[in-house]
Amino acid sequence: MDASGGAAAASCGSAGASGSPSAPVTPPSSETGSGGAAESGGSTEAERVARIEAAAGEILEAVGEDRGRQGLQETPLRFAKAMDFFTSGYRAAIDDVVNDAVFLNERQCGECDASDVVVVRDIDMFSLCEHHMVPFYGKIHIAYLPGAKILGLSKFARVTDVYARRLQVQERITQQVADALTAILEPRGLMVIVEATHLCMCMRGVEKCGASTVTTAARGAYAESPALRQEFVALSKS
Ligand SMILES: [Zn+2]
């Protein structure tokens with residue numbers, strides 16, 4: 001992996017790279033979990049699960065299965081509940097997730113220098129690619145240079161889940177996590193690296209499972225400093 005130059009490899013269905021890591025795809029917003037994806041239209045859980053369950057039953061018949069056989073009787077319902085969870089990010093609000101875990105940075109800047117970096121690495125990420133509705137999964141690493149605020153460490157994983165639990169492309173998760181955290185923390189700089197394996201590449205198409213896709217998003221000082229990016233890449237691996 002070499003993310004130091006800001007290179008972003010294309011994910012499964014994309015024709016090309018996602019462009020410069022310093023160019024946000026979506027505007028910063030800390031208000032909601034939305035952005036770049038459809039909302040669920042205000043449906044209740046029971047309504048969503050019933051619709052997905054009916055569709056899953058159709059799929060079982062379409063592939064030639066006997067949906068009445070013992071092992072499949074509850075499969076459409078189980079699938080529906082799982083899919084509702086996998087897409088629960090559409091219904092999550094970033095402000096609720098972050099809640100009361102934004103703290104004042106007691107060492108206010110002026111005293112800070114570039115070495116005061118906070119790195120949270122190896123956060124597990126599981127998502128569904130929007131081109132095939134097949135999982136992609138991997139690790140997300142986040143670095144930031146605090147300004148006046150810091151965030152409880154567990155919240156970085158929660159923010160990641162808000163964007164990962166949707167139909168996604170890896171490039172967009174990377175940008176959305178960077179933009180959401182930038183809006184929440186107002187840091188001097190922030191960078192996100194995502195490394196993921198896409199099962200739609202492993203199980204179909206090119207069937208190359210050894211390939212991992214790396215995407216980056218850099219904001220503030222990280223967008224301007226190759227040295228900071230290189231330091232983070234090194235920290236994310238050590
Ligand atoms: Zn795909």
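The crossing of helices α4 and α5 is right-handed in this predicted model. The axes of α4 (residues 154–164) and α5 (residues 170–185) come within 9 Å and cross at roughly 135°. The two helices are therefore oblique to each other. On the α4 side, the residues that meet α5 are Val-159, Thr-160, Tyr-163 and Ala-164. Their partners in α5 are Ile-173, Gln-176, Val-177, Ala-180 and Leu-181. Sorted by class, this contact has 7 nonpolar residues, 2 polar residues and no charged residues.

**Overall organisation**

The chain has 238 residues, of which 34% are buried. It contains 8 helices and 7 strands. Of the contacts with a separation of 6 or more, 76% join residues 24 or more positions apart.

Helices α1 (residues 45–62) and α2 (residues 75–86) have axes that come within 8 Å and cross at roughly 130°. This angle is why α1 and α2 count as oblique to each other. Their crossing is right-handed. From α1, the contact is made by Glu-45, Arg-48, Val-49, Ile-52, Glu-53, Ala-56, Gly-57 and Leu-60. From α2, it involves Thr-75, Pro-76, Leu-77, Phe-79, Ala-80, Lys-81, Met-83 and Asp-84. By class, the residues of the contact between α1 and α2 comprise 9 nonpolar, 2 polar and 5 charged.

The table sets out the axis values for both pairs.

| Helix pair | Axes come within | Crossing angle |
|---|---|---|
| α4 and α5 | 9 Å | roughly 135° |
| α1 and α2 | 8 Å | roughly 130° |

**The nonpolar core**

In soluble globular proteins, nonpolar side chains tend to be buried together. In this chain, the largest nonpolar core has 40 residues. Those with the most contacts inside this core are Val-159, Val-177, Leu-181, Met-191 and Val-192. Helix α5 supplies the largest share of the core, 7 residues. Val-159 of α4, together with Val-177 and Leu-181 of α5, also belongs to the contact between those two helices.

Apart from its neighbours within four places in sequence, Val-192 is in contact with Ile-140, Ile-142, Thr-174, Val-177, Ala-178, Thr-216 and Ala-217.

Arg-172 is found in helix α5. Arg-172 counts as buried because it has 22 C-beta neighbours inside 10 Å, the threshold being 20 or more.

**Two residues with positive phi**

Most residues other than glycine have a negative phi. Asn-99 has a positive phi, near 50°. Asn-99 is located in the loop between α3 (94–98) and β1 (102–104). Asn-99 counts as exposed because it has 11 C-beta neighbours inside 10 Å, and the limit for this class is 12 or fewer.

Glu-186 likewise has a positive phi, near 45°. With 16 other C-beta atoms within 10 Å, Glu-186 is partly exposed.

How values were computed
Residues numbered from 1 in each chain as written. Predicted model: local features only at pLDDT ≥ 70, side-chain atom pairs only at ≥ 80, totals over all residues. Helix = DSSP H or I, 4+ residues; strand = E, 2+ residues; numbered from the N terminus. Contact = placed C-beta atoms within 7 Å. Axes fitted to C-alpha atoms, helices over the stretch in contact; angles between N-to-C directions. Parallel < 35°, antiparallel > 145°, perpendicular 65-115°, else oblique. Left-handed = near helix turned anticlockwise from the far one by under 90°. Nonpolar A, V, L, I, M, F, W, Y, C, P; charged D, E, K, R; others polar. Core = buried A, V, L, I, M, F, W, Y, C linked by C-beta atoms within 7 Å.
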